[in-house]
Amino acid sequence: QVRLVESGGGLVQPGGSLRLSCEASGNIFSIHTTRWYRQAPGKQRELVASIAPGGRPSYTDSVKGRFTIARTNTRDSTYLRMSSLKPEDTAVYYCNVQYYRDSYTLDDAWGQGTQVTVSS
């Protein structure tokens with residue numbers, strides 16, 4: 001059983017910053033790719049950022065230059081640093097971790113979500 005615990009969401013004014021954390025624990029042989037998604041009310045869940053083995057990050061266009069994804073050397077923790085936040089960034093943010101159960105079985109897990117609200 002793999003568990004992801006997210007933290008760091010909250011209410012912030014436009015232009016402010018937040019850092020989201022995602023900690024993985026459980027039966028993990030190794031972590032492959034970590035992704036952050038978000039879902040705003042009435043909208044589909046969208047991929048915001050991802051970081052693959054080797055540390056190559058990618059971002060959706062709307063957050064490029066404002067969001068940074070990173071993870072620890074042990075890869076059990078992933079962070080999403082968000083700056084210059086806009087009201088349109090308001091959403092529930094979810095962490096998704098793709099991991100190996102053993103040397104060849106790939107699986108994935110989701111966090112419970114953390115609310116980010118950008119409002120004055």
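In this report, two residues are in contact when they have heavy atoms within 4.5 Å of each other. By that criterion, residues 24 or more positions apart account for 54% of the contacts in the protein with a separation of 6 or more. The structure is a predicted model, in which local features need pLDDT of at least 70 and side-chain atom pairs count only at pLDDT 80 or more, while totals for chains, interfaces and linings use all residues. Residues are numbered from 1 along each chain as its sequence is written, and side-chain values use heavy atoms, with hydrogens and water left out.

## Overall architecture

The protein contains zero helices and eleven strands. Helices (H or I, at least four residues) and strands (E, at least two) are DSSP runs, numbered from the N terminus. Read from the N terminus, the order of elements is β-β-β-β-β-β-β-β-β-β-β.

The C-alpha trace spans about 50 × 25 × 20 Å along its principal axes. The radius of gyration, taken over C-alpha atoms, is compared with a globule rule of 2.2 Å times the number of residues to the power 0.38. Because a compact globule of 120 residues would have a radius of gyration near 14 Å, the value of 14 Å for the protein agrees with the rule.

## Surface and charge

A residue is called buried under 20% relative accessible area, exposed over 50%, and partly exposed in between (1.4 Å probe, protein chains only). Of the 120 residues, 39% count as buried. The accessible surface comes to about 6500 Å², and 44% of this area belongs to carbon and sulfur atoms. Accessible areas come from the Shrake-Rupley method with a 1.4 Å probe, and for residues only the protein chains shown count as cover.

The protein carries 14 positive and 10 negative side chains, and the centres of the two sets lie 4 Å apart. Lys and Arg are counted as positive and Asp and Glu as negative, whereas His and the chain ends are not counted. Each charge is placed at NZ of Lys, CZ of Arg, CG of Asp or CD of Glu.

## Selected serine and threonine residues

The table lists the accessibility of several residues.

| Residue | Relative accessibility | Class |
|---|---|---|
| Ser 7 | 38% | partly exposed |
| Thr 34 | 0% | buried |
| Thr 72 | 25% | partly exposed |
| Ser 77 | 8% | buried |
| Ser 84 | 41% | partly exposed |
| Thr 117 | 26% | partly exposed |

Ser 7 belongs to strand E1, residues 2-7. Apart from residues up to four places away in sequence, Ser 7 touches Arg 19, Leu 20 and Ser 21. The C-alpha atoms of Ser 7 and Ser 21 are separated by 5.2 Å, although the two residues are 14 residues apart along the chain.

Thr 34 is part of strand E4, residues 30-39. Thr 34 counts as buried because its relative accessibility is 0%. Not counting residues up to four places away in sequence, the residues that Thr 34 touches include Ala 49, Ile 51, Ile 69, Arg 71 and Cys 95. With Arg 71, the side chain of Thr 34 makes a side-chain polar contact of 3.4 Å. A polar contact is a pair of N or O atoms within 3.5 Å; within protein, one must be able to donate a hydrogen and the other to accept it, and residues adjacent in sequence count only if both atoms are side-chain atoms.

Thr 72 occupies the loop between strand E7 (67-71) and E8. The side chains of Thr 72 and Asp 76 make a polar contact of 3.2 Å. Leaving aside neighbours within four places in sequence, Thr 72 is in contact with Ser 77 and Tyr 79. Thr 72 and Tyr 94 are 22 residues apart in sequence, and their C-alpha atoms are 18 Å apart in space.

Ser 77 is found in strand E8, residues 77-82. Beyond residues up to four places away in sequence, Ser 77 touches Cys 22, Glu 23, Ala 70, Arg 71 and Thr 72.

Ser 84 is located in the loop between E8 and strand E9 (91-100). Ser 84 has a positive phi of about 50° although it is not a glycine.

Thr 117 lies in strand E11, residues 114-118. Its side chain is joined to that of Gln 115 by a polar contact of 3.3 Å. With neighbours within four places in sequence left aside, Thr 117 is in contact with Gly 10, Leu 11, Val 12 and Thr 90. Thr 117 and Tyr 79 are 38 residues apart in sequence and 18 Å apart in space, C-alpha to C-alpha.
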